[in-house]
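Subject: A structure for you to explore

Hi there,

Here is the structure I promised to pass on. Have a look at it first, and then read my notes below.

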Amino acid sequence: MKKLLLSAVILVCSLTMKAQTVNDTPLKDIDVEYVQIVGTSKLLSTKLTIEIDFGQKTKFFSSGKETIVKDFDGKAVDFNSMIDALNFMSKNGYEFVNAYAISVGNQNVYHYLLRNKKHKTE
C-alpha cells in the first residue's frame with residue numbers, strides 16, 4: 001500500500017512540475033554568471049514576452065524563439081510585468097543587478113541584467 005501511495009505522489013509531482021527552458025536548456029542548468037532578460041509587450045495584451053540572453057548560440061536566420069522562456073510543453077511563458085519576470089528569475093537563482101528601458105517605435109523594451117547567485121563571490 002505504501003509503495004502504491006508513493007508511486008502516486010511521484011506521478012502527481014512529475015506531472016505538475018514543469019521546467020522552464022531557454023533554447024532547450026533548463027533555467028537552473030544555465031551555467032553563466034550574467035543573463036539579460038528583455039521584456040516586450042504583447043500586441044493587444046497586458047502580458048509580456050520575456051527573452052533571456054545568456055550568450056547562447058542562435059541560428060543566423062532565427063526568429064528569436066530560441067531566447068523565449070518556454071514551459072515543459074514548449075509554449076512561451078507569459079508574464080504579467082517585468083517584476084513578475086524578475087520574481088520568476090529570482091526563484092530560479094538569479095539576482096537583480098541593473099535595468100534600463102528603450103523605446104522602439106511606440107513600444108517600450110525593458111532590459112534587466114541579472115547575476116546567477118551560484119557565481120557570487122564575496
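Let's begin with Val 97, which counts as partly exposed at 39% relative accessibility (partly exposed lies between buried, under 20% relative accessible area, and exposed, over 50%, using a 1.4 Å probe and protein chains only). Val 97 lies in strand 6; helices (H or I, at least four residues) and strands (E, at least two) are DSSP runs, numbered from the N terminus. Together with Tyr 34 and Leu 113, Val 97 makes a nonpolar surface patch of about 230 Å². Such patches are made of residues with over 30% relative accessible area and no salt bridge, with nonpolar side chains (Val, Leu, Ile, Met, Phe, Trp, Tyr) joined within 5 Å and like charges within 9 Å. The areas come from the Shrake-Rupley method with a 1.4 Å probe, and for residues only the protein chains shown count as cover.

Before you go further, please note that this is a predicted model, where local features need pLDDT of at least 70 and side-chain atom pairs count only at pLDDT 80 or more, while totals for chains, interfaces and linings use all residues. Residues are numbered from 1 along each chain as its sequence is written, and side-chain values use heavy atoms, leaving out hydrogens and water.

Five strands form an open sheet in the order 5-4-3-7-6, with antiparallel pairing (two strands pair if DSSP finds at least two bridges between them). Strand 5 (78-79) and strand 6 (94-104) each have a single partner strand, so one side of each is left without a neighbour in the sheet. Strand 4 (residues 48-53) is joined to strand 5 by two bridges, and Thr 49 stands opposite Asp 78 in strand 5.

Strand 7 is worth a visit too. His 111 lies there and is buried, at 11% relative accessibility. Beyond its neighbours within four places in sequence, His 111 is in contact with several residues, including Gln 36, Val 38 and Tyr 100 (contact means heavy atoms within 4.5 Å).

How many salt bridges does a search of the whole structure find? There is one, between Arg 115 and Glu 33, whose closest N and O atoms are 2.4 Å apart. Arg 115 is in strand 7 and Glu 33 in the loop between strand 2 and strand 3, so the pair ties together parts that are 82 residues apart in sequence. A salt bridge here is a side-chain nitrogen of Lys or Arg within 4 Å of a carboxyl oxygen of Asp or Glu. Arg 115 is buried, at 17% relative accessible area, whereas Glu 33 is partly exposed, at 30%.

Happy exploring!
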